Amino acid sequence: MANETHYQTLEVQESATQAEIKRAYRRLAKEYHPDSKSDQASHDRIARINIAYEVIGDPSRRTVYDQQRQGFVATDPVESAANRAKRTAAAAAVYRQARQATQSSEAREDAWLKLVYGPVDRLLGKIMSPLRTEIRKLSADPFDDELMEGFMAYLEQGRTWLEQAQSKFNSMANPASMAGVAADIYHCLGLLEDGLDEFDRFTMSYEESYIHTGTELFRRVKQLRADAKERLKRLV
C-alpha cells in the first residue's frame, strides 16, 4: 500500500509504546516470513514490515518520522538519523578542538602570569616604593656626601632590579590575550629606566629639574601598573 504508514504496516496505533511495537513486529514477522509455513507468507509484505520496524522501532527515528508526517521534517527519517549522527560527531570534534585550544591558551596565560607578570610587577614595586623616602632624606641637604651616597646606592639597586625585571619580561612571549597588560608593563620598564637616568643626572649636576622629571616619570609608571592590574581583573 503506497500510502500506508509504518504504524499501519505494523498494525499498531500511533500512540503505541515501544514494547507494543516490538510485539507487533515479532508477530507479523513470524506470520509473513517467507520461510514460514503460513499462507500469509510474502516477500513484499515482510520487506515493508522490516522497513517499518527499522523506523518506528527505534525511538529516535520514530520521533523524526512523526515530525516528518506532521510537516516539521522534509527528509527520510533513516537518512535524517544518519545525518544527525554525522552532525553530532562533527560538532563534538569541533568542540574538542575548541576546548583543547582554550585549555592550551589558559595554560599559556597562567604560565605568563606566574613566570613573567608577577615577578616583574614585584620588582617594579621594589624600585618605586622607596623613592619618596629617599628623596625626602636627600632633600635635607643634597650636598651632604653621606646623604648623596645613600641616594646613589638606591639608584644602583634600582638599576639592578630593573635589569632583572627586563630579563624576566623578555624571557617569555606574552599570550595574545595579555597583549594590553604586556604593553603597560613594557612602557613601565622604559619609563623607569628614563626616570633613573634623570635621578642620575641630578647626582652629577644638582639640578632640581631632574628630580622633578624623574618623579613625574615614576608617577606615570604607577598609573600604568594600576592600568595593567585593571586589565587583568577584566580578563580573569
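Biologist: Which residue caps the N-terminal end of H7?
Modeller: Asp144 does; one of its side-chain oxygens lies 2.9 Å from the backbone nitrogen of Glu146. The cut-off for a polar contact is a pair of N or O atoms within 3.5 Å; within protein, one must be able to donate a hydrogen and the other to accept it, and residues adjacent in sequence count only if both atoms are side-chain atoms.

Biologist: What sort of model is this, and how are residues numbered?
Modeller: This is a predicted model, where local features need pLDDT of at least 70 and side-chain atom pairs count only at pLDDT 80 or more, while totals for chains, interfaces and linings use all residues. Residues are numbered from 1 along each chain as its sequence is written, and side-chain values use heavy atoms, with hydrogens and water left out.

Biologist: Back to H7. How many residues does H7 have, and what does it span?
Modeller: H7 has 26 residues and reaches 37 Å from its first C-alpha to its last, close to the expected 38 Å. The expected span is 1.5 Å times one less than the number of residues. Helices here are DSSP runs (H or I, at least four residues), numbered from the N terminus.

Biologist: Which residues of H7 are buried?
Modeller: Met148, Phe151, Tyr154, Leu155, Gly158, Trp161, Leu162, Ala165 and Phe169. Buried means under 20% relative accessible area, exposed over 50%, and partly exposed in between, with a 1.4 Å probe and protein chains only.

Biologist: How are the rings of Phe151 and Tyr154 placed, and where do these two lie?
Modeller: Both are in H7 (residues 145–170), three residues apart, about one turn of the helix. Rings of Phe, Tyr and Trp (its six-membered ring) pair if their centres lie within 6.5 Å; planes under 30 degrees apart count as stacked, over 60 as edge-to-face and the rest as tilted. One of the pairs is stacked: Tyr25 and Tyr53, at 4.1 Å centre to centre with 10° between the planes. That pair links distant parts of the chain, with Tyr25 in helix H2 (residues 18–32) and Tyr53 in helix H3 (residues 43–56), 28 residues apart. Tyr25 is partly exposed at 21% relative accessibility, and Tyr53 is partly exposed at 22%. As for Phe151 and Tyr154, their ring centres are 6.1 Å apart and their planes at 45°, so that pair is tilted.

Biologist: Which residues are in the aromatic cluster with Phe151 and Tyr154?
Modeller: Phe199 and Phe218; the four form one cluster.

Biologist: New topic. How many residues are in the largest nonpolar core, and which have the most contacts inside it?
Modeller: It has 36 residues, and those with the most contacts inside it are Val120, Ile185, Leu189, Leu192 and Phe218. H8 gives the most to this core, with 10 residues. A nonpolar core is a set of buried Ala, Val, Leu, Ile, Met, Phe, Trp, Tyr and Cys residues joined through side-chain atoms within 4.5 Å.

Biologist: What does Leu192 touch?
Modeller: Leaving out residues up to four places away in sequence, Leu192 touches Leu124, Ile127, Met128, Leu162, Phe218 and Val221. Contact means heavy atoms within 4.5 Å.

Biologist: And Met178, where is that, and is it buried or exposed?
Modeller: Met178 is in the loop between H7 and helix H8 (179–205), and it is buried, with a relative accessible area of 1%. By the rule that skips residues up to four places away in sequence, Met178 touches Glu109, Trp112, Leu113, Leu232 and Leu235.

Biologist: Now charges. How many salt bridges does a search of the whole structure find?
Modeller: It finds 15. A salt bridge is a side-chain nitrogen of Lys or Arg within 4 Å of a carboxyl oxygen of Asp or Glu.

Biologist: What is the N to O distance for Arg159 and Asp197?
Modeller: 2.4 Å. Arg159 lies in helix H7 and Asp197 in helix H8, so the pair ties together parts that are 38 residues apart in sequence. Arg159 is partly exposed at 25% relative accessibility, and Asp197 is partly exposed at 25%.

Biologist: Which residues are linked in a network of salt bridges?
Modeller: Glu4, Glu11, Arg27, Glu31, Arg45 and Arg48. Within it, Arg27 and Glu11 meet at 3.3 Å, N to O.
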